[in-house]
Amino acid sequence: MTMDNADSNTKTKVPIKLSEIDYTPILLAAAVGFVIIAIFVILKRRGSSRRDFMFAGLCESGKTAIFMQMLYKKFPDTFTSTTENVGEYTSGRMSGRLVDIPGHYRVRDKYFDQYKRTAKGIIFVVDAVTAQKEIRDVADALYTILCDGATVSCPFLVLCNKQDLPTAKSAQVIRAILEKELNIVRDTRSRKLQSVGDNETSKFVYLGKEGRDFEFTQLQQNIQFFECSAKANELSNVSDWIDRML
């Protein structure tokens, strides 16, 4: 063994003092990790807070019948709901909650306000037989939901029910008459809002594009029109729509 090798083997390692360690990269990495985890938790909570699929519409449009068919596979006797119906909906390993709110004009806004911040999707049910006769009331109820800032990001389905009856209007016809009526309702409501304070107008989003006749293609919401029959239990397009968002 040479003298140089002997000297190298007998050398001792110099301990690193804690005061000499640069903690900056470690602290930066920890901070970045904390931010990523915090963002993930916030997004997860936001997603989990919206798990309701809200059924809305006028009385006797068939909301409750659709709700009962989808959850319990039975068609109920006709009655007017005075409170909400809530039930757990499952598809495979995924689940959500169906909320059927009353359609009576005296209480529907109250229940809509109660559930709008937990809504993941909104299903507005229209009686395809009486839609043309009741178009003003239908458009007025639909306008309230479409213009609310709390639900403007929710996917939206207009469901044209009672297609088992020969006098039912098609989804295309209902869409066209709703566009015309919503144009009128928008003008009427806009004039009313001009006379109230900023706190009231801040809750609403202008429907469509200013200076142009209303069309559903102008909306921020992803809005679709489907046909169905609660009585005939022809609701596969509804369940498929919900399943895609679970």
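This is a guided tour of one protein chain, stop by stop, for use with the viewer open.

The model is predicted, so local features are reported only at pLDDT of at least 70 and side-chain atom pairs only at pLDDT 80 or more, while totals for chains, interfaces and linings use all residues. Residues are numbered from 1 along each chain as its sequence is written, and side-chain values use heavy atoms, with hydrogens and water left out.

**The whole chain.** Of the 246 residues, 40% are buried, and buried means under 20% relative accessible area with a 1.4 Å probe, counting protein chains only.

**Helix H4.** Next select residues 108-115, which form helix H4, and show the side chains of its buried residues, Arg108, Tyr111, Phe112 and Tyr115. Seen down the axis of H4, these residues fall within an arc of 105 degrees, so they line one face of the helix; the arc is that of the directions from the helix axis to the C-beta atoms. An α-helix has 3.6 residues a turn, so residues three or four places apart point the same way.

**The largest nonpolar core.** Now select Phe124, Phe156, Leu178 and Phe216, the residues with the most contacts inside the largest nonpolar core, which has 40 residues. Such a core is a set of buried Ala, Val, Leu, Ile, Met, Phe, Trp, Tyr and Cys residues joined through side-chain atoms within 4.5 Å, and a contact means heavy atoms within 4.5 Å. The largest share of this core, 8 residues, comes from H5. Centre the view on Phe156, and look for the residues that it touches, including Ile122, Leu142, Ile223 and Trp241.

**Helix H8.** Trp241 leads on to helix H8 (residues 236-243), whose buried residues are Val238, Ser239, Trp241 and Ile242. Viewed down the axis of H8, they fall within an arc of 155 degrees, so they line one face of the helix.

Finally, select Asp109, Asp113, Thr144, Asp148 and Phe204, which, of the 13 residues lining the second largest pocket, are the closest to its centre. On a 1 Å grid over the protein atoms alone, a pocket is an open set of points where a 1.4 Å probe fits, with protein on both sides within 12 Å along at least five of seven lines, and lining residues have an atom within 4 Å of a point. The largest share of this lining, 4 residues, comes from H4.

Definitions and conventions:
Buried < 20%, exposed > 50% of the residue type's maximum accessible area, 1.4 Å probe, protein only. Helix = DSSP H or I, 4+ residues; strand = E, 2+ residues; numbered from the N terminus.
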